[in-house]
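Welcome, and please take a moment to look over the sequence and the model below.

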Amino acid sequence: MKLFLSYLRMHTKAILLVCIAAVIFSIVFALYDLPLAAVGYAVLLTFCVGLVFTFVDYLLFREKHFALQSLAKRIVYSLDGLPPAKSLMEEDYQTVITSLYRCTASLTTQYDRSRLEMVDYYTLWAHQIKTPIAAMRILLQTDESEERSALQDSLFKIEEYVEMVLSYLRLDSDISDFVLKHYPLDSIVRQAVRKYAPLFIRQKITLYYQPLDYSVLTDEKWLLFVIEQVLSNALKYTRTGGSVEIYLENGSTLVIADTGIGIAPEDLPRVGQKGFTGYNGRTDKKSTGIGLYLCRRILAKLSHTFVIESQVGRGTKVKIGLKSVHLTVE
């Protein structure tokens, strides 16, 4: 009905013209005292013919409408299938559409090329920067100065940022390197704990760790990156003398809880949005909001869930749901 009303609105002028013509004929016949029955018969006959013509024209209009709707779904790839123009105005519209399509395709190609070059450059940069980082780490091992610990912490953060850049580029890449297998969760978490062990010691933060007897269907590298980001945040916002606890909840949910400064209630719904840092990030001045954004995207790709619970001044719990859906093969 909506489509038919739209068709009638398009032909409002023609319908109005026919009605005016019928009224004029009626007035003329009345002025000349001619029998109005002849006018009524002519109007009725014209109405019947017009009704048939309108029905056929409406069917053609409906067919073109659905053809255009179908084309709209694949216009990204080609303009093939565009209905033939039946008037000069339609030809003009098709010329404009074709011109816009070619312009958009050209801009898209240029953007894809420049983006690919940028990704290649930063990927190369991220790999090359690892060499001087490794050299600095070796030099720091022989350094006996008082600034050694501070320099090691700064170098560790640089390594974290480099890994974040690589993960960001890989995640947006058209080529996915996900390798899904069953892995022991305890082994993955222990890798992250060993990496951050020096920070636990230097910041005097206690770790409560319960062995995780659970096999998870996931990609080891990407899940490890997520756990590292969560641990990094826990250490960043937990004061000296605080604690971090890692355990399983409900048999398949990994929980990483800290006794840090917590997250404001108004910030919780937006945590994980790209670039959002919240009150803590604005206070810290160094937070980018990219870490948890990547975590959410990675876990979504792995079909894991990600929930954050927090109370200001009491700490934060990050819950990663790792339960797999078992499908029955018939």
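Helices (H or I, at least four residues) and strands (E, at least two) are DSSP runs, numbered from the N terminus. Residues, for their part, are numbered from 1 along each chain as its sequence is written, and side-chain values use heavy atoms, with hydrogens and water left out. This is a predicted model, in which local features need pLDDT of at least 70 and side-chain atom pairs count only at pLDDT 80 or more, while totals for chains, interfaces and linings use all residues.

Let us begin with confidence. The predictor's confidence in each residue is called pLDDT and runs from 0 to 100. The protein averages 82, and 90% of the residues score at least 70.

Next, the overall layout. Domain bounds come from an automatic or database domain assignment. This assignment gives domain 1 (1–83) and domain 2 (177–321), and the centres of domain 1 and domain 2, taken over C-alpha atoms, are 66 Å apart.

On a 1 Å grid over the protein atoms alone, a cavity is a set of points where a 1.4 Å probe fits but cannot get out, and a pocket is an open set with protein on both sides within 12 Å along at least five of seven lines; lining residues have an atom within 4 Å of a point. Grid points are joined across faces, edges and corners, and a volume is the space filled by probe spheres set on the points.

The second largest pocket holds about 610 Å³ of space. Its lining has 20 residues, and I15, V18, F47, G50 and T54 are the closest to its centre. Helices α1 (2–10), α2 (12–31) and α3 (36–74) each supply at least two lining residues, with the largest share, nine residues, coming from α3. By type, this lining has 15 nonpolar residues, four polar and one charged (Ala, Val, Leu, Ile, Met, Phe, Trp, Tyr, Cys and Pro count as nonpolar, Asp, Glu, Lys and Arg as charged, and the others, Gly among them, as polar).

What lines the largest cavity? The residues are E160, E163, M164, K195, Y196, F225, E228 and Q229, and α6, α7 and α8 (220–236) are the elements that give two or more of them. The space amounts to about 40 Å³, and its lining divides into three nonpolar residues, one polar and four charged.

Y196 also takes part in an aromatic pair. Rings of Phe, Tyr and Trp (its six-membered ring) pair if their centres lie within 6.5 Å; planes under 30 degrees apart count as stacked, over 60 as edge-to-face and the rest as tilted. The whole structure has three aromatic pairs. The rings of F156 and Y196 are edge-to-face because their planes meet at 80 degrees, with centres 5.2 Å apart. This pair links distant parts of the chain, with F156 in helix α6 (residues 148–171) and Y196 in helix α7 (residues 185–202), 40 residues apart.

Buried means under 20% relative accessible area, exposed over 50%, and partly exposed in between (1.4 Å probe, protein chains only). F156 is buried at 10%, and Y196 is buried at 1%.

Finally, visit two loops. Most residues other than glycine have a negative phi. N250, not a glycine, has a positive phi of about 60 degrees; N250 sits in the loop between β4 (243–249) and β5 and is exposed at 72% relative accessibility. S303, also not a glycine, has a positive phi of about 65 degrees. S303 lies in the loop between α10 (290–301) and β6 (305–311) and is exposed at 60%.
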